[in-house]
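Please look through the structure below before reading on. The paragraphs that follow take it part by part.

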Amino acid sequence: MTEHAPLRGRPARTLRRLALAAALMAGLTVGAAATGATASATALQTGHQPAAAADCSAGYVGLTFDDGPTGQTAALLSALQQNGLRATMFNTGQNAQNNPSLVNAQKSAGMWIANHSWSHPHLTQMPQSQVLSELQRTQQTLQQITGTAPRLFRPPYGETNSTVRAVEQQLGLTEVLWDVDSQDWNGASTAQIVQRAGSLQNGQVILMHDGYSTTIAAVPQIAANLASRNLCAGMISAATGRAVAPTGGGGGDDDPPPPGGGSCTAQISPGQQWSDRFNLSVGVSGTNDWIVTVTVQYPQEIIATWNGSPTWDSSGNVMTMRPNGAGNSFGFTIMHHGNWNWPSVSCRTA
Ligand code: ZN
């Protein structure tokens with residue numbers, strides 16, 4: 001599995017000041033809000049399933065459903081919820097864009113949202129620029145819908161190579177294949193799908209699909225089988241690509257919701273972009289007295305902000321923004337250093 005251990009140890013604050021100084025010397029306008037934003041995303045959701053009183057002493061397995069959302073997604077989510085199961089949904093960007101409400105339904109049902117390319121092509125037959133486009137467009141679309149950029153990617157058909165892996169690394173994505181193939185895509189019966197799931201061991205991942213009634217019909221029996229073996233449905237770790245105990249809400253985000261989260265919503269929107277940096281804006285609704293946390297992904301740096309009062313944690317990756325009298329939206333500029341993912345944002349009332 002791909003390792004994404006970030007290389008730390010750099011004085012982020014100093015670098016940000018230097019970058020800001022350089023940007024100022026280069027004549028970059030840092031004071032003006034600059035977005036023609038149309039797309040937006042709900043950034044804070046609490047679609048958290050209470051864990052059933054399950055015995056997980058034998059560990060966790062990763063249930064995955066590819067190619068959604070589809071016309072069967074609602075039925076699949078209903079089956080999973082009724083049986084107390086959470087799963088990782090590898091959506092295509094195309095399907096997500098066509099059915100954003102179903103992506104939010106996945107997240108609200110406690111599922112983790114992951115990237116399965118834009119159009120489900122054979123990536124290993126594409127030049128790197130097209131592979132990047134397939135993955136990046138999907139990242140941006142899923143982030144716009146859910147407020148969180150996925151951390152997991154499954155290449156269509158499980159086809160990967162060094163080009164695909166280079167793009168995954170560029171976008172901060174962990175490649176997830178599977179240990180067990182349910183063969184639901186290949187005409188397997190419900191009994192056969194259940195039987196194959198019965199071979200799952202701690203940490204392993206099973207390939208299933210959104211869109212087959214045979215698969216949906218298998219869900220209650222899969223739940224019963226796992227419970228009989230003291231296994232639970234877990235999330236897939238972005239650090240290892242293996243199934244582990246859930247630690248947070250849905251949306252593919254491993255981070256727990258912010259403490260004391262009040263009732264407000266932060267929506268992130270795109271702005272102007274250049275070769276080395278891009279602007280984003282965040283609109284807050286629900287309160288005038290907000291605290292928004294913006295977490296960028298290493299090695300990104302925020303080099304300028306406007307219409308808010310920022311403070312920083314010691315890592316330099318987490319910006320806490322409060323109102324400065326300029327209203328309920330603020331903006332900032334990110335030096336991407338090769339990572340184009342949007343930061344995660346969350347809102348709480350002060
Ligand atoms: Zn697929």
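Predicted model: local features only at pLDDT ≥ 70, side-chain atom pairs only at ≥ 80, totals over all residues.

What spacing do the donors of the zinc ion follow along the chain? They follow D-x48-H-x3-H. The protein donors are Asp67, through OD, and His116 and His120, each through NE2. These atoms lie 2.0 to 2.1 Å from the zinc ion. Histidine 116 has a relative accessibility of 1% and counts as buried, because the limit for that class is under 20%. Aspartate 67, at 23%, counts as partly exposed.

Aspartate 67 sits in the loop between strand E1 and helix H2. Its phi is near 80°, which is a positive value in a residue other than glycine. In the loop between E1 (59–66) and H2 (73–82) there is also proline 69. The peptide bond leading from glycine 68 to proline 69 is cis, and its omega is near -10°. Most residues other than glycine have a negative phi, and most peptide bonds are trans. A positive phi is found again at asparagine 307, where the value is near 65°. Asparagine 307 belongs to the loop between E14 and strand E15 (309–312), and with a relative accessible area of 29% it is partly exposed.

Next comes the interior. In soluble globular proteins, nonpolar side chains tend to be buried together. Here the largest nonpolar core has 28 residues, and the ones with the most contacts inside it are Leu63, Phe65, Leu80 and Ile222. Which elements each supply at least two residues of this core? They are E1, H2, helix H7 (190–197), strand E7 (205–209), helix H8 (213–228) and strand E8 (231–233). Of these, H8 gives the most, with six residues.

In what order do its four strands run? The order is E11-E12-E17-E14, the sheet is open, and the pairing is antiparallel. Strand E11 (265–273) and strand E14 (301–306) stand at the edges with a single partner strand each, so one side of each has no neighbour in the sheet. On average, neighbouring strands of this sheet are turned by 25° against each other, direction ignored. One of the pairings joins strand E12 (residues 277–285) to strand E17 (residues 329–335) over seven bridges, in the antiparallel sense. Arginine 277 stands opposite methionine 335 in E17.

How far apart in space are glycine 283 and serine 269? The distance is 8.0 Å, C-alpha to C-alpha, while in sequence the two are 14 residues apart. Leaving aside neighbours within four places in sequence, glycine 283 is in contact with Thr265, Ala266, Gln267, Asn328 and Ser329.

Technical notes:
Residues numbered from 1 in each chain as written. Heavy atoms only, no water. Pairing = 2+ DSSP bridges. Axes fitted to C-alpha atoms, helices over the stretch in contact; angles between N-to-C directions. Donors = N, O, S within 2.8 Å, 3.2 Å for Na, K, Ca; no water. Buried < 20%, exposed > 50% of the residue type's maximum accessible area, 1.4 Å probe, protein only. Core = buried A, V, L, I, M, F, W, Y, C linked by side-chain atoms within 4.5 Å. Contact = heavy atoms within 4.5 Å.
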